[in-house]
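Please look through the sequence and the structure shown here before reading on.

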Amino acid sequence: MSRPTGRVLILLELLQSGGIRTVAELAGRLGVDGRTVRRYVDQLIDLDVPVEAVRGRYGGYRIGSGYRVPPLMLSDDEALAVLLGLAAGRRSGLMTAADAASETAAAKIRRVLPERLARRLDTVLESLAFTTPPGEFPTPDAEVLLTVADAVRHRRPVSIGYTDRDGHRSERLLHAYGIVSHAGRWYVTGVDPGIGENRTFRLDRITGARPLTGSFEVPDGFDPAQRVLSGFATADYRYEVTLRIDATVDQIRTRLPASVATLEETAPGDAGTDPGAGRWMRVELRAQELDWLPPVLASLDRPFVIERPDALRTLVVAFADRLARSGERDHPETAHEAPRGGVTGGA
């Protein structure tokens, strides 16, 4: 690579770092005069790199938006950050349907990495372990994701084609308030203006999205992530469970997160609570099955009262009986051993 070509690439890296760079600053960094800087800028423009000239006392050059992605200059740390981010994104399921795009992007960067940097990356990846299994979730279509995100940003209604969990297809109108990533899946939450109710949709189940005319306002204080979590906690499952637990919010959340249960502090004197016994919280959740709840309640190690359903009381009593029997049982390897110091003998 000739020295002038190398300087042109250094110029591109400086401009891509952001902000407006003056001619004097660029000349000093490149070790050339102002006329040469302008010549290098012209070479970048000839390569369709969108370099913009900014006039005025504090003017200079900056990178603008173009019709395609220009050559991208990355430092060693930036290249490692991008590759590790792609690896973590694939692992957690936070990729779009264009998963091949992440693979090809990673391959392009890997091909141009200096050998020493490639070895460092391989060392990190070989040393890295995850506590959760690889994400194998359906991923959203990239165009759907971009269209919905644009509707969220500009507060424009959007029409979506949606397939629900039973396979029923329909067209929905949505005022999209926000996009949320949760447990490896993408969700969009907002309001169906036709019925005025909150709605949350999985993005991977949206088969098409079309922006519409008009606009809407997002309610003050609306939290898309909290809305998605509360939607899980109040989903239409088989059992409606109501508990009262003598514990703090933090203690309860260690076992019953916001995506599982909703919490409300009970007023002193509520039926079944002792005003002097601590802070009782009313806990409500929905569940398709109940067998997982008794061990969860036991692990909290806090006083609790079951308001409903009766089936949960039966399961808790049965679970407590099993624990009691297990606690009284001798260890199978020592149950028939003679006491220490004793003499054993045969007939």
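## The chain as a whole

The chain contains 11 helices and 11 strands, and the model that shows them is a predicted one. Of its 347 residues, 32% count as buried, where buried means under 20% relative accessible area. The chain exposes about 21,700 Å², and carbon and sulfur atoms supply 51% of that area.

## Helix H1 and its two partners

Helix H1, which covers residues 3-16, packs with helix H3, residues 34-46, at an angle of about 80°, and their axes are 10 Å apart. Because of this angle, H1 is described as roughly perpendicular to H3, a term that applies from 65 to 115 degrees. On the H1 side the contact is made by Pro4, Arg7, Val8, Leu11, Leu12 and Leu15, and on the H3 side by Val37, Tyr40, Val41, Gln43 and Leu44. Sorted by class, the residues of this contact are 9 nonpolar, 1 polar and 1 charged.

Helix H1 also meets helix H2, residues 23-30; the axes of these two helices come within 10 Å and cross at roughly 130°. That angle makes H1 oblique to H2, and the crossing in which H1 passes H2 is right-handed. Here Arg7, Ile10, Leu11, Leu14 and Leu15 of H1 meet Leu26, Arg29 and Leu30 of H2. The residues of the contact of H1 with H2 divide into 6 nonpolar, no polar and 2 charged.

## A strand residue and its contacts

Which residues does alanine 209 touch, once its neighbours within four places in sequence are left aside? Alanine 209 is in contact with Val144, Thr147, Val148, Val158, Ser159 and Ile160. Alanine 209 has its place in strand S7, residues 206-211, and it counts as partly exposed because its relative accessibility is 23%. Valine 158 is 51 residues away from alanine 209 in sequence, yet the C-alpha atoms of the two are 6.6 Å apart in space.

## Backbone angles to look at

Most residues other than glycine have a negative phi, and most peptide bonds are trans. Against that background, two residues of this chain can be set side by side in a table.

| Residue | Phi | Loop | Relative accessibility |
|---|---|---|---|
| Arginine 155 | about 55° | between helix H7 (142-154) and strand S3 (158-163) | 34% |

What kind of peptide bond joins arginine 308 and proline 309? The bond between arginine 308 and proline 309 is cis, with omega about 0°. Proline 309 lies in the loop between strand S11, residues 304-308, and helix H11, residues 310-328.

Technical notes. Residues numbered from 1 in each chain as written. Predicted model: local features only at pLDDT ≥ 70, side-chain atom pairs only at ≥ 80, totals over all residues. Heavy atoms only, no water. Axes fitted to C-alpha atoms, helices over the stretch in contact; angles between N-to-C directions. Helix = DSSP H or I, 4+ residues; strand = E, 2+ residues; numbered from the N terminus. Parallel < 35°, antiparallel > 145°, perpendicular 65-115°, else oblique. Left-handed = near helix turned anticlockwise from the far one by under 90°. Contact = heavy atoms within 4.5 Å. Nonpolar A, V, L, I, M, F, W, Y, C, P; charged D, E, K, R; others polar. Buried < 20%, exposed > 50% of the residue type's maximum accessible area, 1.4 Å probe, protein only. Areas by Shrake-Rupley, 256 points an atom, 1.4 Å probe, with all protein chains shown as cover.
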